[in-house]
Amino acid sequence: MLKIVFATQNPNKLQEIKAMLPDGIELKGLDNLDLNEDIPETQDTLEGNALQKARYVYERFGVNCFADDTGLEVEALNGRPGVHSARYAGDGKDSNANMDKLLNELKNSDNRRAQFRTVIALIIDGEELLFNGIAEGVIIDEKRGKDGFGYDPIFVPKGYKETFAQMPLKEKNRISHRFKATQMLADYLMSLNYF
Ligand code: IMP
């Protein structure tokens with residue numbers, strides 16, 4: 001059995017990723033580690049932030065671990081909001097404000113192409129690896145749907161007519177950036193000699 005720590009302070013994320021990983025991988029949260037502060041996330045790329053969080057846990061506790069970071073990258077905005085997706089409209093603003101800002105910036109743009117990208121940084125036995133999960137799509141010009149979170153109501157994945165917020169969660173999770181990155185992580189872990 002391979003024990004691995006997911007360096008996140010978000011219990012929902014832990015449950016979500018736990019459900020995506022195969023049996024035989026024992027996924028732990030940070031609960032049993034003596035961590036009383038927020039894990040720093042101060043880099044200007046998704047890769048940088050994911051690595052920073054994983055290194056923080058590895059250096060302090062010496063456990064095999066991984067961390068993730070996700071952003072929405074809009075082609076016409078040179079990849080913004082990207083690493084700033086969570087607080088795009090400013091500190092204390094919600095997802096609605098973030099989407100309004102983005103829709104406003106794209107008001108006169110014909111190029112609506114965008115992608116969600118999740119980077120997972122894994123540190124195992126001191127070795128660092130990055131996994132990159134991408135969901136391509138377009139930003140529509142209004143919010144549609146009630147499910148999901150973040151930018152889901154304005155993102156239509158490639159090959160679909162509905163936004164992520166209009167899809168059953170099960171369907172979103174089958175094609176999402178996070179799912180793809182997690183699959184790559186799972187495939188890699190299963191290929192190791194722990195099993
Ligand atoms: P995080 O790195 O997973 O915390 O994601 C950073 C930000 O990206 C979130 O606060 C959301 O605004 C946005 N985001 C990440 N994943 C999704 C998604 O699946 N749908 C919509 N927005 C997302």
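How far is an oxygen atom of the ligand from an N or O atom in the side chain of lysine 13?

Tutor: The distance is 2.9 Å. Keep in mind that this is a predicted model, where local features need pLDDT of at least 70, side-chain atom pairs count only at pLDDT 80 or more, and totals for chains, interfaces and linings use all residues. Residues are numbered from 1 along each chain as its sequence is written, and side-chain values use heavy atoms, without hydrogens or water.

The ligand is surrounded by 13 residues (each with a heavy atom within 4 Å of it). Closest are Lys13, Thr70, Asp152, Lys172 and Arg178.

Look next at Arg178. An N or O atom in the side chain of arginine 178 is 2.8 Å from an oxygen atom of the ligand. With tyrosine 151, the backbone takes part: one of its polar backbone atoms is 3.1 Å from a ligand nitrogen. Such polar contacts are pairs of N or O atoms within 3.5 Å. How much of the ligand does the protein cover? It covers 86% of the 480 Å² of accessible area that the ligand has on its own (Shrake-Rupley method, 1.4 Å probe).

Now the elements. Strand β3 (65–74) and helix α5 (177–190) each give the shell around the ligand at least two residues. Helices (at least four residues) and strands (at least two) are DSSP runs.

Follow α5 to an aromatic pair. Tyrosine 188 in this helix pairs with phenylalanine 131 in strand β6 (residues 127–139). The two residues are 57 apart, so the pair links distant parts of the chain. Their rings are 5.8 Å centre to centre, with 50° between the planes, and the pair is tilted. The model has five aromatic pairs (centres within 6.5 Å; under 30 degrees stacked, over 60 edge-to-face, the rest tilted).

Go back to β3 and move on. Asparagine 78 is in the loop between β3 and β4. Its phi is near 55°, a positive value in a residue other than glycine. Then comes a cis peptide bond between arginine 80 and proline 81, with omega about 0°. Proline 81 belongs to strand β4 (residues 81–82).

Key. Polar contact = N/O pair within 3.5 Å; in protein donor to acceptor, adjacent residues only side chain to side chain. Phe/Tyr/Trp six-rings, centres within 6.5 Å; stacked < 30°, edge-to-face > 60°.
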